[in-house]
Amino acid sequence: MSNLNDFLSYCANVTEEWLSNNLVEFSPYTSILTESMRYSVFAGGKRLRPALMFASYNIFSENNSAVLPYAAAIEVLHTYSLIHDDLPAMDNDDLRRGKPTNHKVYGEAIAILAGDALLTKAFEFISDLKYNKDISSDAKIRAIYELSLLSGDKGMVAGQVADIEAENKVADNLLVDFIHLNKTAALIRYSTKIGAIISTNNDEDINRLDKFGKNIGLAFQIIDDILDIISDTNILGKNVGSDIEKGKATFPTIYGIEKSKKIADELITEAIDLLLPYNGKADMLKEIALYITKRQS
Ligand code: GRG
């Protein structure tokens, strides 16, 4: 598959199909929970994290079925973070992925619980031995450990807390870096790092893909900050201008739009240079990195 759009569609389709088969009702008593989880998971979304995972994995291996539980896990965990982020206690948003937010449809209690269940579902997917027969035990444990680190109080939750604490305060570049690296880059980094962990045991490669993910993750959030200022609600699928309204600490508030764009471009160039040892095998990863700076939504 040489075309980026074909690759993104392929990754989205296989991940969604796997998710549809594995995100199923547990009991008729809790059908509202399953419905609410599925509502947000299947509300759209670019499925960028699964695509990054496949592209990283494909540098070393072609057996894509081995990636599916991990790709599904990162997507459900990401969806949990969006549901919780949209809650009245956090960003209080009513639009996500172009649709009413989870709590607007199911109420706050179910939205909180759907988020909780999607977070734990991610760990179920990557630890259930029936799904992961092709992966070594060491790699499986490492994949579980990395997800707990990058999604919790040393990763995404840390970034979210620092983000909330920084609202309406004067933030410096170190704080904005901390927020972005944890809130956003952590899961993107997990995607590229896990692609390597489950396909190679070479630490140099794993670290290289970790650093690649960190760079593009930071660039992704910088572009997100810029889009929040210059984009359109219909294109973005969520309300624009909310960062300024909420007094958020962002790259454009510190550096301005032009310098922020330049920083994002530099991060992407540095990330692409990390892929040089892989020659053509990392072309798709390179394409996705370039797409991040060009994206409109
Ligand atoms: C609630 C613990 C907790 C964390 C929330 C994800 C998040 C952290 C906040 C959401 C707001 C935000 C700007 C997050 C940064 C990450 C980000 C840009 C998410 C959107 O990711 P996309 O663009 O979304 O990949 P889709 O819908 O395409 O999957």
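1. What volume does the second largest cavity have? In this predicted model, the volume of the second largest cavity comes to about 30 Å³, and its lining is made up of Asp225, Asp228, Ile229, Asp243, Ile244, Thr250 and Thr253. Helix H10 (203–230) and helix H12 (242–245) are the elements that give two or more residues to this lining, and H10 gives the most, with 3 residues. Sorted by class, the lining of the second largest cavity has 2 nonpolar, 2 polar and 3 charged residues.

2. How many cavities of 30 Å³ or more does a search of the whole structure find? The search finds 2 of them, and the largest cavity holds about 90 Å³ of space.

3. The largest cavity is lined by Tyr39, Ser40, Ala43, Thr79, Leu82, Ile83, Asp86, Arg96, Arg97, Pro100, Thr101 and Asn102. Two elements, helix H2 (31–41) and H4, each give two or more residues to this lining, with H4 giving the most, at 4 residues. By class, the lining of the largest cavity has 5 nonpolar, 4 polar and 3 charged residues.

4. How do H4 and H6 run relative to each other, roughly parallel or roughly antiparallel? The axes of helix H4 (residues 68–86) and helix H6 (residues 108–127) come within 8 Å and cross at roughly 160 degrees; since angles over 145 degrees count as roughly antiparallel, H4 and H6 are therefore roughly antiparallel to each other. The crossing in which H4 passes H6 is left-handed.

5. On the H4 side, the contact with H6 is made by Pro69, Tyr70, Ala72, Ala73, Val76, Leu77, Thr79, Tyr80, Ile83 and His84, while the H6 side brings Ala111, Ile112, Ala114, Gly115, Asp116, Leu118, Leu119, Lys121, Ala122, Phe123, Phe125 and Ile126. By class, this contact of H4 with H6 has 17 nonpolar, 3 polar and 2 charged residues. Thr79 and Ile83, which belong to the H4 side of the contact, are also among the residues that line the largest cavity.

6. For the pair formed by H2 and H6, the axes come within 9 Å and cross at roughly 75 degrees; because angles of 65 to 115 degrees count as roughly perpendicular, H2 and H6 are therefore roughly perpendicular to each other. Ile32, Leu33, Ser36, Met37 and Val41 in H2 meet Ile110, Leu113, Ala114, Ala117, Leu118 and Lys121 in H6, and by class this contact has 9 nonpolar, 1 polar and 1 charged residues.

Definitions and conventions
Residues are numbered from 1 along each chain as its sequence is written. This is a predicted model: local features need pLDDT of at least 70, side-chain atom pairs count only at pLDDT 80 or more; totals for chains, interfaces and linings use all residues. Side-chain values use heavy atoms; hydrogens and water are left out. Axes are lines fitted to C-alpha atoms, for helices over the stretch in contact, and angles run from 0 to 180 degrees between N-to-C directions. Angles under 35 degrees count as roughly parallel, over 145 as roughly antiparallel, 65 to 115 as roughly perpendicular and the rest as oblique. A crossing is left-handed if the near helix is turned anticlockwise from the far one by less than a right angle, and right-handed if clockwise. Contact means heavy atoms within 4.5 Å. Ala, Val, Leu, Ile, Met, Phe, Trp, Tyr, Cys and Pro count as nonpolar, Asp, Glu, Lys and Arg as charged, and the others, Gly among them, as polar. On a 1 Å grid over the protein atoms alone, a cavity is a set of points where a 1.4 Å probe fits but cannot get out, and a pocket is an open set with protein on both sides within 12 Å along at least five of seven lines; lining residues have an atom within 4 Å of a point. Grid points are joined across faces, edges and corners, and a volume is the space filled by probe spheres set on the points.
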